[in-house]
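Please examine the sequence and the three-dimensional structure shown here before reading on.

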Amino acid sequence: TDNTNLLGYTENFADAYWSKSGVTVTANDTTAPNGTLTADKVVFSGANNLIQGSYSAVTSLGNCYHSIWVKGTSGETIRINDGYVSVTTLTLNGSWQQVEFYTNRGTQPQGIAIDTYSGATARTIWLWGAQVSVGNSPVTYQPIATTQQSYISNQFKYNLVNPVDSDAA
């Protein structure tokens, strides 16, 4: 399948790929929207805390579709954006919510950032399935278990000794 997700470690927010400020992450803490035990618990210690995954655009990508699943205590709010421009304030409802938005940052870095705002208190949320893809419409979620660059290079390898690429070779 074509790789459409520009982010890395899309189900592992504990990885160093995700920048953290005032945040602790527990990997594989609860059941994700797809039924697997791959959703991560994210604890914000207070106001202006942040977790962010990003990539640098080498060329202008045009519009990008952003998506992430979030779950948290009903009534609490968090902000979700492309890492630079605030896009939405989400009021949590106690269930999984998919946040989707579009941005066009040209050649500037993009990604997904989740933060608490000034005056916020400590809070706990769960995250799963981060995605950024080029285009104006939603795409099928593509999990990336490593860096996006490693994922692509592994898709295009070919084993000349054993085309089946089994360990028996």
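The following paragraphs treat the overall layout, the sheet, the nonpolar cores, the salt bridge and the backbone in turn.

The structure is a predicted model, in which local features need pLDDT of at least 70 and side-chain atom pairs count only at pLDDT 80 or more, while totals for chains, interfaces and linings use all residues. Residues are numbered from 1 along each chain as its sequence is written, and side-chain values use heavy atoms, with hydrogens and water left out.

The protein contains 1 helix and 10 strands; helices (H or I, at least four residues) and strands (E, at least two) are DSSP runs, numbered from the N terminus. Read from the N terminus, the order of elements is β-β-β-β-β-β-β-β-β-β-α. Of its 169 residues, 41% count as buried, where buried means under 20% relative accessible area, exposed over 50%, and partly exposed in between (1.4 Å probe, protein chains only). Among contacts (heavy atoms within 4.5 Å) with a separation of 6 or more, 70% join residues 24 or more positions apart.

Strands of a sheet pair through backbone hydrogen bonds, either parallel or antiparallel. Here an open sheet of 5 strands is arranged in the order β2-β3-β10-β5-β8, with antiparallel pairing; two strands pair if DSSP finds at least two bridges between them. From one strand to the next the twist averages 30°, based on axes that are lines fitted to C-alpha atoms (for helices over the stretch in contact), with angles from 0 to 180 degrees between N-to-C directions. Within this sheet, β3 and β10 (residues 123-134) pair in the antiparallel sense over 5 bridges, and Asp-40 stands opposite Leu-127 in β10.

In soluble globular proteins, nonpolar side chains tend to be buried together. A nonpolar core is a set of buried Ala, Val, Leu, Ile, Met, Phe, Trp, Tyr and Cys residues joined through side-chain atoms within 4.5 Å. The largest such core has 26 residues, of which Ile-51, Ile-68, Val-70, Ile-80, Ile-114, Ile-125 and Leu-127 touch the most other members. Two or more residues each come from β2, β3, β4, β5 (64-72), β6, β8, β9 and β10, and β10 gives the most, with 4 residues. Leaving aside neighbours within four places in sequence, the contacts of Leu-127 include Phe-13, Val-42, Ile-51, Trp-69 and Ile-114. A second, separate core of 5 residues includes Ala-39, Trp-96, Trp-126 and Trp-128.

Side chains of opposite charge can pair when their charged atoms come close. A search of the whole structure finds 1 salt bridge, defined as a side-chain nitrogen of Lys or Arg within 4 Å of a carboxyl oxygen of Asp or Glu. The side chains of Asp-115 and Arg-79 form a salt bridge at 2.7 Å, N to O. This pair links distant parts of the chain, with Asp-115 in strand β9 (residues 110-115) and Arg-79 in strand β6, 36 residues apart. Asp-115 is buried, at a relative accessible area of 7%, whereas Arg-79 is partly exposed, at 28%. The side chain of Asp-115 also makes a polar contact of 3.5 Å with that of Asn-81; such a contact is a pair of N or O atoms within 3.5 Å, and within protein one must be able to donate a hydrogen and the other to accept it, with residues adjacent in sequence counted only if both atoms are side-chain atoms. Asn-81 lies in β6 (residues 77-81) and is buried, at 8% relative accessibility.

Most residues other than glycine have a negative phi. Asn-28, in strand β2 (residues 23-30), has a positive phi near 50°.
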